[in-house]
Amino acid sequence: MTSMQSDQAYQGFRASGGRLTEEPLKHIDFHRSNLLGESIHGIHAFDKAHVVMMTETGVITAATGKMLLEGLRQMEEDGMEEARARADGGMHSGEHYLINLYGEDIGGRIHLGRSSGDLIEVARRITFKRHVQALARSLIALRGALLDRAAGAVDVVMPGYTHGQHAQPTTFAHWATMFEICFARDMDRLASFYERVDRSPAGAAILTGSDFPFDRQRTSDLLGFAAPLDHTMDAILSHDLEMEYACTLSVAAQTLGRIADDLFLWSTAEFRMVELPDRYCGTSSIMPQKKNPDALEDMKGLAAQSLGFLVTVFSAEKGPTGFPIMERRNTQAILWECGRGLALRLGAASGLIEDVTLHTERMAALAGANWAQVTDLSSALVRYSGRDWRSAHHLVACFVRDCIDGGLTPATCTTEDLDRSAKALGAPPPGLSKDIFAKAMDPLHFVEQRTLLGGPASVSMEQRVLAARAGLRKDKDRLAGWEAQDRQAAKLLEDAIDRIVTAEG
């Protein structure tokens with residue numbers, strides 16, 4: 001390969017001596033390669049796809065296209081990321097590298113018809129796609145873990161809470177499947193976002209595209225997008241996509257934070273319903289007995305942080321069309337940080353759900369210890385004593401208060417105690433049989449009676465788990481389709497490069 005390197009490395013079009021007579025202040029020099037992070041892979045792919053498309057359409061000569069593509073492959077042999085860092089120039093590091101290699105007459109042709117706008121937007125969308133795929137993998141793993149634990153815990157009775165108080169008995173399976181449904185909705189939101197982000201802005205330049213005969217469909221295919229965006233201004237200057245992603249991440253992070261809140265509370269000495277594996281915990285430098293749920297606090301911390309990200313993204317993206325440009329670098333960086341962090345913690349949560357210890361006897365004891373089951377006592381009065389619901393509800397409320405005042409518990413009270421409460425109200429005693437009363441006061445019976453759609457009975461939960469597993473398989477197939485699309489595009493691009501660089505003449 002012929003090299004036309006000059007004694008002095010190319011400084012780029014932003015160097016002083018062109019439109020500007022001074023170098024930018026260091027803190028506003030946003031065009032350095034080390035600020036690009038993982039988006040450099042999307043930029044590199046766009047450089048290659050753009051050259052292929054220009055060569056195939058005759059915008060540049062076959063000889064020029066061959067040299068440019070050979071130079072980009074040489075960069076890969078040298079170590080793409082390191083080579084771009086040395087060339088610097090940020091998103092234009094490919095141009096820097098090629099000009100240093102061949103001179104401007106060849107290297108200076110790579111950016112024909114492009115802008116920083118479509119360069120960074122292509123890279124942004126490719127990076128978003130990769131992050132969504134990672135998030136989907138983590139969500140699928142977590143949902144699978146929740147379903148596996150639910151399948152083995154359909155009869156693990158525990159208290160359900162409202163207002164922070166014992167409300168009604170439920171099961172761990174009911175709780176776990178609720179969160180699986182929440183995370184399934186997160187998957188749907190991500191998939192919906194993915195459908196919109198999977199569109200190519202390549203060729204849109206900064207606003208109006210180019211007067212060169214570019215084949216935007218071809219570039220889109222080479223980059224693995226489903227289709228090109230069909231409006232050049234929308235492709236670059238519409239900012240709703242970033243805001244949508246921020247919302248989607250934040251919702252998923254809040255769901256993760258809530259599951260962490262529950263496990264955090266249940267792991268306390270006061271609740272003693274679960275125990276975390278040690279690898280998810282820390283200890284104290286002064287209190288040797290401590291086992292702190294550090295992983296749960298970390299998950300809750302990300303949920304809080306995601307709300308800060310949300311405000312930052314919305315604030316940075318506002319403004320007249322075409323005004324917020326540099327601010328978007330901040331939103332890009334924090335969205336990538338949040339996406340990476342959330343995928344990591346969702347993955348950690350799946351292992352935690354798989355291995356958390358359930359203190360089932362403690363859960364069962366708490367389920368009926370604080371009168372959470374007496375909704376069914378009211379129902380029994382409706383069924384067997386002919387009372388209307390409101391009268392039955394009032395009688396049971398007074399019965400509970402009388403028992404508490406008298407030092408009775410759900411385990412020690414009797415049907416005769418219910419009769420006494422009725423007499424004190426001037427109402428006829430219901431005279432429920434001991435068997436009916438016992439069943440009405442049994443938390444497990446309470447749960448098993450709720451066989452309606454979505455209820456916590458074991459038969460309902462088994463059906464729920466089966467249906468959810470079917471949904472999970474569909475999402476696995478959806479993720480596999482995304483990954484296959486990317487692999488096919490990568491092969492399509494490399495095959496196209498091979499044809500150009502090996503062509504004779």
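**Exercise 1. Determine which residues form the nonpolar patch on the surface, and where Ile-206 is placed**.

Step 1. The nonpolar patch on the surface consists of Ile-206, Leu-207 and Met-233, which together have about 240 Å² of accessible area. Patches are made of residues with over 30% relative accessible area and no salt bridge, nonpolar side chains (Val, Leu, Ile, Met, Phe, Trp, Tyr) being joined within 5 Å and like charges within 9 Å, while accessible areas come from the Shrake-Rupley method with a 1.4 Å probe, and for residues only the protein chains shown count as cover.

Step 2. This is a predicted model, in which local features need pLDDT of at least 70 and side-chain atom pairs count only at pLDDT 80 or more, whereas totals for chains, interfaces and linings use all residues. Residues are numbered from 1 along each chain as its sequence is written, and side-chain values use heavy atoms, with hydrogens and water left out.

Step 3. Ile-206 is found in the loop between β3 (199–200) and α8 (216–223); helices (H or I, at least four residues) and strands (E, at least two) are DSSP runs, numbered from the N terminus.

Step 4. Because its relative accessibility is 43%, Ile-206 counts as partly exposed, where buried means under 20% relative accessible area, exposed over 50%, and partly exposed in between (1.4 Å probe, protein chains only).

**Exercise 2. Locate the salt bridge between Asp-47 and Arg-114, and decide whether the two residues are buried or exposed**.

Step 1. The side chains of Asp-47 and Arg-114 meet at 2.7 Å, N to O, and a salt bridge is a side-chain nitrogen of Lys or Arg within 4 Å of a carboxyl oxygen of Asp or Glu.

Step 2. This pair links distant parts of the chain, 67 residues apart, since Asp-47 belongs to helix α1 (residues 40–57) and Arg-114 to the loop between α5 (104–107) and α6.

Step 3. Asp-47 and Arg-114 are both buried.

**Exercise 3. Describe the salt bridge between Arg-478 and Asp-475 within its helix**.

Step 1. The side chains of Arg-478 and Asp-475 form a salt bridge at 2.5 Å, N to O.

Step 2. Arg-478, with a relative accessible area of 30%, is partly exposed, whereas Asp-475, at 6% relative accessibility, counts as buried.

Step 3. Elsewhere, salt bridges that share partners join Lys-48, Arg-73, Glu-76, Glu-494 and Asp-498 into one network, and the whole structure holds 31 salt bridges.
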